[in-house]
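Please look through the following structure before reading the comments. The notes come after it, as numbered points.

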Amino acid sequence: MWKDFMISMSRTAVQVSGLFDGERMFDGPAVVLVEDGRIAEVASGTQAPDGWPTRRHDGTLLPGLIDAHVHLCADSGPGALDRLADSSTDRLEATIEASLRTHLAAGVTTVRDLGDQQDAVLRWRNRPTPGLPTVVASGTPITSVGGHCWPLGGQVRGLTELREAIRRRADLGADVIKIMASGGVLTPGTDTTRAQFTGEELREAVAEAHRLGLPITAHAHALEAVRLALEAGVDGIEHCTCLTSGGVHIDDELLIALAESKIAVCATLGSDPGVMVPPEILAVAARAGITEAALQEIASALRAGGVRMVAGSDGGIGPAKPHGLLPLTLEEYVRSGWPVEAALTAATSVAADVCGLAGRKGRIKPGHDADFLVVRGDPTRDISALLEPVVTYLGGDSVWQQQGEDLDSVVAGHEQ
């Protein structure tokens, strides 16, 4: 259990025994100075300047994690996406906020929502709610008629409807466009091994999104859809499973093309090991060629091939994919063969760049928002340290503290 509390002050120093700045590990202890919600200075050592109230933590400080693929409207229960059509506005907003609190408790201070019910997340953002993670959002994903996630309300037919859908999301303040380039496991009647849009349609979607100044990312399990999305010039590919009727397939030519394009690929690994996935869901996934081994294989090949990788959990879509899953996602990346530092940067500095927040998030650097967490141990040596967060900070003010942590040690130095 976690509890939250507010400590309001214009300036404070946070002293820790280790620091990962989003790109590299500092040598020895460090002090981070925070002023008016932003990082003012980062220094090695244990001594804060005179006059700076100091909070001391025995652990490693790192940027607040960024989960680049979540579904905040979904409550992580059975059939979470299927039930959204029957949810009231009040229910959707309550779920969005509960989902964000769960992310915050896991050390996630920014999320990218890539699929809501009838643009609910975009509308919710019009009512600022302090003390919650930053939300980058796409609104309802655009899909073909009867295509993956069609009940969410994003069906289009033809180029005119496609362009109108993108313009509508831009008008609502979307930060990114999400398009379902292939079928998905959780939508009956769709095919994970085949594309849902033609090359012409995807090119038109990219052109319209870019005309409006927005990036566009494509859900693509099918190898055919991955190739079409790459050729169309999308900015991101979600899953990128490269499925064919004969299983997972990715060749050197495609790897080179993906790497050279600088497309951000989000391999949505990770699941709650304590949840027993219903046999019928496992059977559907297996028939589609989506197994844990296959997903790890493709994630390993993509990273080794030099593809730009960003971290995302697909949190919220079901019991095995709850919100706050990202630390387990990163752990699975490492089990797939990723270096620990690659997993950490995929959820911090790289994720900030991909989400359009390079100047604000993902790095412990002067001028950036003071969003960070402290964990026990050194996550650059053992990624599982992320499973033991001690404190999460938002803007240097809002603190989530692990139950049982000594409050006196957290606020030590305020009387100085």
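1. On the source: the model is predicted, with local features requiring pLDDT of at least 70 and side-chain atom pairs counted only at pLDDT 80 or more, while totals for chains, interfaces and linings use all residues. Residues are numbered from 1 along each chain as its sequence is written, and side-chain values use heavy atoms, leaving out hydrogens and water.

2. Three strands make an open sheet with parallel pairing, in the order 6-7-8. Helices (H or I, at least four residues) and strands (E, at least two) are DSSP runs numbered from the N terminus, and two strands pair if DSSP finds at least two bridges between them. Strand 6 (65–70) and strand 8 (134–137) are the edge strands, each pairing on one side only. On average, neighbouring strands of this sheet are turned by 20° against each other, direction ignored. Axes here are lines fitted to C-alpha atoms, for helices over the stretch in contact, and angles between N-to-C directions run from 0 to 180 degrees.

3. Strand 6 and strand 7 (residues 108–113) run parallel and are joined by four bridges. L65 has V108 in strand 7 as its bridge partner. Helix 1 (residues 89–105) packs on the sheet and touches strand 6, strand 7 and strand 8, contact meaning heavy atoms within 4.5 Å. The direction of helix 1 makes about 135° with that of strand 7.

4. How far apart are the end C-alpha atoms of helix 4 (residues 199–211)? They are 18 Å apart, which agrees with the 18 Å that its 13 residues should span at 1.5 Å a residue; the expected span is 1.5 Å times one less than the number of residues. Buried residues of helix 4 include L202, A205 and V206, where buried means under 20% relative accessible area, exposed over 50% and partly exposed in between (1.4 Å probe, protein chains only). The buried residues of this helix pack against helix 3 (158–171), strand 11 (177–180), strand 12 (216–222) and helix 5 (223–232). After helix 4 comes G213, with a positive phi near 80°.

5. Most residues other than glycine have a negative phi. S76 is not a glycine, yet its phi is positive, about 70°. S76 sits in the loop between strand 6 and helix 1 and is buried, at 14% relative accessible area.

6. C240, in strand 13 (residues 236–244), also has a positive phi, near 55°. Is C240 buried or exposed? C240 is buried, with a relative accessible area of 0%.
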